[in-house]
Amino acid sequence: MMERTGAATPELLERAAPSSARRARGPVAVVECFQSIPCNPCYTFCPAGAMKPLTDITMLPEVDSERCVGCGVCVSHCPGLAIFVVDESGKDGGGVVRLPYEFTPLPETGEYVTAVDREGKPVCRAQVVRIQNEKTQDRTPVVWLKVPKPLTMEVRFFRREAFYDDKTVVCRCEELTLGELRELIRQGYRTPDEIKRVSRAGMGPCQGRTCRLLILQEAAKMTGVPPADIPVPTFRPPVKPIPLGLMLREEELE
Amino acid sequence: MKTSAEAVIIGGGISGCAVAYELAKKGMKDVVLLERRFLTSGATGRCGAGVRMQWGTEMNCRLSKLAIERYSRLEQELEYPRSIEFRQDGYLLAAATETEMSQFRENVALQNRLGIPSKMVTAEEAAEIVPFVNKEAILGGSFCPLDGHLNPFHTTYAYADAAKRLGAEIVCGIAVTGIETSNGRVRGVFTTGGYISAPRVVDCAGGESKSVALMAGVELPTESERHQILVTEPLAPVQGPMFMGFMHNIYCQQTPHGSFIMGRGDPSEPKDGRITSGWRFMEEMAKTCCYLLPPLKELSVIRQWAGLYNLSPDRQPIYGPVEEPEGFYLATGFSGHGFMFGPVTGLLLSECITGAPYTIDIAPLTFSRFKAAKLPAELSVV
């Protein structure tokens, strides 16, 4: 499921979730990191020592909720944008989700947005209550969203109203716009594989790194087929463009 | 999906879609095409996208000449709203040895006799046609200006859309699991989406055509061999014609998009149906290409992939009916050239299925030819 949609399974999320009692006491980090990659900034930057020691750099991080003070330093230091801070201590029934947001332009404080879940499905309307964007965050701003308390473990991103439209470019290599994509889906090209063949989206130098999931999501949205049930195109070598001459052996070079 | 049809076509590549269109055009109702994945997902969508008339057997010359003539009018005929990117910039076939040169001379004589305007060229002339070519590496070759290129995806979609407008049903995501026969006749097709009764079944399944034929009890003398291919980043137009060498083992063409697409054959490639990509191909292709077309060594490879050549013993297509079961038709064994022959496959199969007079008599291409002891084989194959 993760490879297809980028969204973790309920079992994995269950393990990462701090207890509801802890969430009700105040802000706490939620580490939704489920792939063993060599990475450790969450551990090295945590000022509270709340991250359990990573004795091997490929270990999955684990947070000690009791030691975590919810400062959110780890949120902007996680290169995978996999850490969030949730806070259900508010007195007015509202909870807060703090999430990393690396797009420009940034929303305005006070702006209302559509909060979405891990698969990009709309969950509720939410208000941006604060934006942290200090130099120490190294261009990973953290946006605070006010959402209903029962939804703090659902909301993981947001969509600005009218943030994209039919002129938005979906495939940057081959310059396919969202409007063109939607027209192709209406014409019956329903999977990223078919859309790739008819429009070249995904055939450019990035090999679909950007457009693959965008196309999959749009196809899912328009056809009603869950993203996990839509076949994804084959990932083809060599992944990164490499010059033909680079593959010659030394004795074949002049 | 319909539960009965006049004809069921198995395979959504160029052959299947062209047969569906031609049958519908001849007035056949209830034509159903079944594709296991999506249109062009097999060999059609994986091919080198070139079309040529320069062949070494008379039959291949006649088939390809007619196919290219039809391709040149296809966009209009099928009323396709996009471009099928048909372009006639020629094929330069480069000779590596004197033996190959004399083979080309014989081929050109044959081609000219059949009305194909190919001609022999010197190494100097070849370098004017394909400026990147390493003159030292070739003796000369042959060139035909009517050979060219077109986009396999759009061409197949164009046929499929036109077939649908004429009433054919095209079903993707449904796999054939069996073919029912009784008393020596085809009765219908079992699929993952149910049973379709049909008196005629056409095997256009490319790399899978052998297993489809087996479902009807027909054992084809074909095998599917993996062929690999790669494409580079795009460049401003510099090379119109396809550059091709049989002994040099290369074909390489710049597409209208600007990328260079190239492939080579390798007899040690697996024949077990796999279409994964291998590193050895990348190295060998780079070596061949950088030797023959040295400036291309600066270009980056964007993507490599593979497809299946469905090889027949004489490297020519297998067309038409079988002795038994009646109603079972073949359009297979294209040996790497099914896309080139697409329009002719559609035409000739529809003629043989509906009993219309043949544009080209397919008797020499039927399955029964393999009973004969010795066949003249096509040698002009990469």
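This section describes the fold of chain A and the domain arrangement of chains A and B in a predicted model.

Chain A contains eight helices and 10 strands. The C-alpha trace of chain A extends over about 65 × 50 × 35 Å along its principal axes. Of the 254 residues in chain A, 33% are buried. Among the contacts in chain A with a separation of 6 or more, 56% are between residues 24 or more positions apart.

Two domains are assigned in chain A: domain 1 covers residues 2-159, and domain 2 covers residues 169-229. A distance of 29 Å separates the C-alpha centres of domain 1 of chain A and domain 2 of chain A. The contact between these domains involves five residues of domain 1 of chain A and four residues of domain 2 of chain A. On the side of domain 1 of chain A that touches domain 2 of chain A, three residues are polar and two are charged, with no nonpolar residues.

Chain B is also assigned a domain 1 and a domain 2. Domain 1 of chain B is made up of segments 7-46, 153-222 and 314-371, while domain 2 of chain B is made up of segments 91-145 and 224-309. The C-alpha centres of domain 1 of chain B and domain 2 of chain B are 30 Å apart. Seven residues from domain 1 of chain B and eight residues from domain 2 of chain B take part in the contact. The side of domain 1 of chain B that touches domain 2 of chain B comprises one nonpolar, four polar and two charged residues.

Methods. Residues numbered from 1 in each chain as written. Chains lettered and ligands numbered in written order. Predicted model: local features only at pLDDT ≥ 70, side-chain atom pairs only at ≥ 80, totals over all residues. Helix = DSSP H or I, 4+ residues; strand = E, 2+ residues; numbered from the N terminus. Buried ≥ 20, exposed ≤ 12 C-beta atoms within 10 Å, placed from the backbone. Contact = placed C-beta atoms within 7 Å. Domains from an automatic or database assignment. Nonpolar A, V, L, I, M, F, W, Y, C, P; charged D, E, K, R; others polar.
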